[in-house]
Amino acid sequence: MSTKKQGGNRKAPAAPALSAFEKAATAAGLTAAPGKSAVENRYRGSVEGKTADTRFTGSLDMDAAFKQIEPEANRWDFGIGMRKPGKQEFAVWVEPHSASSLGEVKTILAKLDWLQGKLDQPEFRQLKALTDACAAQGHRRFHWMATARVGIRPGSREANMLAARGMNPPSTRVVI
């Protein structure tokens, strides 16, 4: 009778390979969460892929990551890695924020300036490349998710200010 355990020679299953988004986050000194899990639960369902086979490859809560070291900054909230079948992985950036008054546009643009400043730093080079891949595939890179009623009208001066920076007017859903 053998005392050797059955299956004793089995190796533990290999950890899944990191996505490009997860690797880019690590290079930037950040920790990516799986899928959309870094996005607050109340907003998570409002971020969707246009098709059912779109995959969310990781996410970042930028606001939480920089809150202690930049408490007074207008910080962008979330980065999300995505992959569509047969396409290169890319990153999109989502900011849930009130859109009820026209004055909120200045706050969103300040947050966008902050994020773009981060993406221009050497350690964020890979996240910037994934963000550029988003634009190369014809998607908007930066999204303002309205947390309530939208007071900004298409064609208004404020909508034009957003468009000049590559953003659509705020919407309660982000579909990519």
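Is aspartate 120 buried or exposed? At 56% relative accessibility, aspartate 120 counts as exposed, where exposed means over 50% relative accessible area, buried under 20% and partly exposed in between, with a 1.4 Å probe and protein chains only. The structure is a predicted model, in which local features need pLDDT of at least 70 and side-chain atom pairs count only at pLDDT 80 or more, whereas totals for chains, interfaces and linings use all residues. Residues are numbered from 1 along each chain as its sequence is written, and side-chain values use heavy atoms, with hydrogens and water left out.

**Overall layout**

- Taken along the principal axes, the C-alpha atoms fill a box of roughly 85 × 35 × 30 Å, and 43% of the 176 residues count as buried.
- Among contacts (heavy atoms within 4.5 Å) between residues at least 6 apart in sequence, 69% join residues at least 24 apart.

**The sheet and the helix across it**

- Four strands form an open sheet in the order S2-S3-S4-S5, with mixed pairing; two strands pair if DSSP finds at least two bridges between them.
- Strand S2 (55–61) and S5 stand at the edges with a single partner strand each, so one side of each is left without a neighbour in the sheet.
- Neighbouring strands of this sheet are turned by 25° against each other on average, direction ignored, with axes taken as lines fitted to C-alpha atoms, for helices over the stretch in contact, and angles running from 0 to 180 degrees between N-to-C directions.
- S4 and S5 run parallel and are joined by six bridges, and glutamate 95 stands opposite tryptophan 144 in S5.
- Helix H1 lies across S2, S3 and S4, and runs at about 20° to S2.

**Nonpolar cores**

- The largest nonpolar core has 30 residues, and those with the most contacts inside it are Leu60, Met62, Trp93 and Leu127; such a core is a set of buried Ala, Val, Leu, Ile, Met, Phe, Trp, Tyr and Cys residues joined through side-chain atoms within 4.5 Å.
- The elements that give two or more residues to this core include helix H1 (20–27), helix H3 (62–66), strand S4 (90–99) and helix H5 (125–136), while the largest share of this core, seven residues, comes from H4.
- Apart from this core lies another, of 14 residues, among them Tyr43, Phe78, Ile80 and Ala133.
- Not counting residues up to four places away in sequence, methionine 62 touches Leu30, Trp76, Asp77, Trp93, Trp114, Leu115 and Phe124.
- Tryptophan 76 has its place in the loop between H3 and S3 and is buried, with a relative accessible area of 0%.

**Charged side chains**

- A search of the whole structure finds ten salt bridges, each a side-chain nitrogen of Lys or Arg within 4 Å of a carboxyl oxygen of Asp or Glu.
- Arginine 75 and aspartate 63 meet in a salt bridge at 2.7 Å, N to O; arginine 75 lies in the loop between H3 and S3 and aspartate 63 in helix H3, so the pair ties together parts that are twelve residues apart in sequence, and both residues are buried.
- Glutamate 95 forms a salt bridge with lysine 111, with the closest N and O atoms 3.1 Å apart; glutamate 95 lies in strand S4 and lysine 111 in helix H4, so this pair ties together parts that are 16 residues apart in sequence.
- Both ends of that pair are shielded by the cut-off used here, since glutamate 95 is buried at a relative accessible area of 1% and lysine 111 is buried at 9%.- Lysine 128 forms a salt bridge with aspartate 120, the closest N and O atoms being 3.7 Å apart, and lysine 128 counts as partly exposed at 30% relative accessibility.
- Leaving aside residues up to four places away in sequence, lysine 84 touches Lys50, Thr54, Phe90, His139 and Ile176.
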